[in-house]
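Trainee: Hi, could you walk me through this structure? I'd like to start with the wording.
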Amino acid sequence: MDFLSDALTDGRTMRVFAAADDHSRRCVALDFDVALPAERVTRILDQAIETYGKPAAIRTDNGPEFTSRAFDAWAYRHGIEHHFIRPGKPVENAYAESFNGRLRDELLNQHCFSDLRHARELGDDWRNDYNFIRPHSALGGRSPEVFLMSAISTKGSRARQGSPAYSAAIDSGPAVVKPKPTATEQAGLGAAP
């Protein structure tokens with residue numbers, strides 16, 4: 001998980017919080033606001049846990065939101081190991097950096113956001129595409145959701161073949177959920193282009 005910054009069309013700075021699972025490549029959280037303190041981040045992560053399940057560990061940089069007492073207490077309460085990368089070593093969180101690059105190139109650099117509601121709507125659309133449609137080379141050309149569904153469906157046969165590590169990974173994996181309708185679909189205008 002990490003933060004990015006951008007600006008709204010009125011010049012206000014906007015912060016973006018993004019969290020992704022480095023196993024399934026699924027984007028589990030994406031939120032936009034002018035400020036995202038640790039307390040807000042933990043509420044976002046609580047929602048992600050409710051939807052996808054609790055991770056065993058998280059990896060972050062040493063930003064103030066992640067080094068705060070509130071964030072530390074949240075991780076401790078949930079029994080989640082919190083690993084920090086070394087200062088100045090973003091390569092230690094390479095997947096998050098790669099994910100941030102895609103988010104920047106495909107969403108933030110492609111749109112001018114009139115307000116936070118607009119940013120959130122476009123962010124939801126991007127996240128649904130990223131999780132449900134886009135092929136990922138690291139997942140054999142499948143989307144994260146298709147990857148997880150195929151892993152769950154083959155669990156029984158792999159477990160019978162004696163692969164305890166694979167079975168354990170599938171057992172602890174997050175649940176598969178249906179995509180949220182895009183803003184266009186909610187308005188009854190059909191699928192987004």
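Mentor: Buried means under 20% relative accessible area, exposed over 50%, and partly exposed in between, with a 1.4 Å probe and protein chains only. This is a predicted model, where local features need pLDDT of at least 70, side-chain atom pairs count only at pLDDT 80 or more, and totals for chains, interfaces and linings use all residues. Residues are numbered from 1 along each chain as its sequence is written, and side-chain values use heavy atoms, leaving out hydrogens and water.

Trainee: Okay, is phenylalanine 3 buried or exposed, and what about phenylalanine 17?
Mentor: Both phenylalanine 3 and phenylalanine 17 are buried.

Trainee: How many aromatic pairs are there in the whole structure?
Mentor: A search finds 9. Rings of Phe, Tyr and Trp (its six-membered ring) pair if their centres lie within 6.5 Å; planes under 30 degrees apart are stacked, over 60 edge-to-face, the rest tilted. For phenylalanine 3 and phenylalanine 17, the centres are 5.3 Å apart and the planes at 50°, so that pair is tilted.

Trainee: Which cluster do ring pairs make?
Mentor: They link Phe3, Phe17, Phe66, Phe71 and Trp74.

Trainee: Switching topic: which residues of H4 are buried?
Mentor: Tyr95, Ala96, Phe99, Asn100, Leu103, Leu107 and Leu108 are. Their arc around the axis, taken from the directions from the helix axis to the C-beta atoms, is only 135°, which puts them on the same side of H4. Helices here are DSSP runs (H or I, at least four residues) and strands are too (E, at least two), numbered from the N terminus.

Trainee: And how buried is phenylalanine 99?
Mentor: Its relative accessible area is 3%, so phenylalanine 99 counts as buried.
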